[in-house]
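Trainee: I have a few questions about this model. Can we work through them one at a time?

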Amino acid sequence: MENDVSQYRRQFESYLEATTENRPLVERDIDYKHLRQWTEEEEAILRARGQPVVTFDYIGEQVDYLVGLEIASKADPRAFPRTRQHEDAADACTDALRFVADKSGFAYTSTECYEELLVAGTEAAIVEVEAKRDGQYDIAIRGIPWDRFYYDPHSRRLDFKDAQFMGIVVWLDEDEVIRLYGAKGRDADGKFTTLGM
């Protein structure tokens with residue numbers, strides 16, 4: 001039976017290979033959003049001419065406008081009853097959904113993910129159950145940055161429902177792996193490689 005790590009690595013490498021041309025474009029788009037639109041050579045030419053390096057923030061303005069529309073159009077979650085006799089149950093579900101949304105900061109996370117979609121072209125989030133110190137549990141909803149989310153490059157649907165795989169890649173220094181995983185982390189010593197990113 002195949003080692004899980006090998007399977008995940010093969011999936012990630014398939015994603016990397018298929019998105020080699022796209023990643024630099026996404027990085028460029030993110031730079032443009034943050035007003036880093038001139039190359040060092042272009043800036044040097046402008047400075048040599050005595051011209052200021054001026055950037056008009058049309059991209060950021062449009063992104064901020066669309067994010068503002070998303071914030072303004074937000075609605076609280078609501079459950080609808082299937083029949084009249086289920087109205088009380090729907091109200092209880094609505095209260096539960098709103099409680100979780102408020103406690104997890106869903107409004108902020110969804111806006112953060114939407115901005116990531118506008119700029120990087122992909123948005124992803126994960127819903128997790130976290131144990132608290134008092135033995136209780138919380139639901140946490142976190143956005144996944146575009147460069148940490150990988151997916152089946154052959155997926156055609158915008159919601160990835162036809163994807164054969166999706167995952168999160170976490171980059172750690174070798175020392176951090178050993179600190180986090182102790183003896184198992186030391187077993188990985190020497191097995192680290194560089195993926196062509």
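Mentor: Start with a cut-off: buried means under 20% relative accessible area, exposed over 50%, and partly exposed in between. Keep in mind that this is a predicted model.

Trainee: Is Cys 113 buried or exposed?

Mentor: The relative accessibility of Cys 113 is 8%. The cut-off for burial is under 20%. Therefore Cys 113 counts as buried.

Trainee: In which class does Cys 93 fall?

Mentor: Cys 93 has a relative accessible area of 43%.

Trainee: How many disulfides does the structure hold?

Mentor: A disulfide is a covalent bond between the sulfur atoms of two cysteines. Here a pair of cysteine sulfur atoms must lie within 2.5 Å to count. The number of disulfides in the structure is zero.

Trainee: What does α6 reach from its first C-alpha to its last?

Mentor: α6 has 15 residues. At 1.5 Å a residue, 21 Å is expected. The helix comes close to that, reaching 20 Å.

Trainee: Which elements do the buried residues of α6 pack against?

Mentor: The buried residues of α6 include Thr 109, Cys 113 and Val 119. The buried residues of this helix pack against α2, α4, α5, β1 and β2.

Trainee: Which element gives the most to the lining of the second largest pocket?

Mentor: That pocket has a volume of about 430 Å³. Among the residues closest to its centre are Asn 22 and Gly 121. α1, α2, α6 and β3 each supply at least two lining residues. With three residues, the top contributor is α2.

Conventions: Residues are numbered from 1 along each chain as its sequence is written. This is a predicted model: local features need pLDDT of at least 70, side-chain atom pairs count only at pLDDT 80 or more; totals for chains, interfaces and linings use all residues. Side-chain values use heavy atoms; hydrogens and water are left out. On a 1 Å grid over the protein atoms alone, a cavity is a set of points where a 1.4 Å probe fits but cannot get out, and a pocket is an open set with protein on both sides within 12 Å along at least five of seven lines; lining residues have an atom within 4 Å of a point. Grid points are joined across faces, edges and corners, and a volume is the space filled by probe spheres set on the points. Helices (H or I, at least four residues) and strands (E, at least two) are DSSP runs, numbered from the N terminus. The expected span of a helix is 1.5 Å times one less than its number of residues. Buried means under 20% relative accessible area, exposed over 50%, partly exposed in between (1.4 Å probe, protein chains only). Contact means heavy atoms within 4.5 Å.
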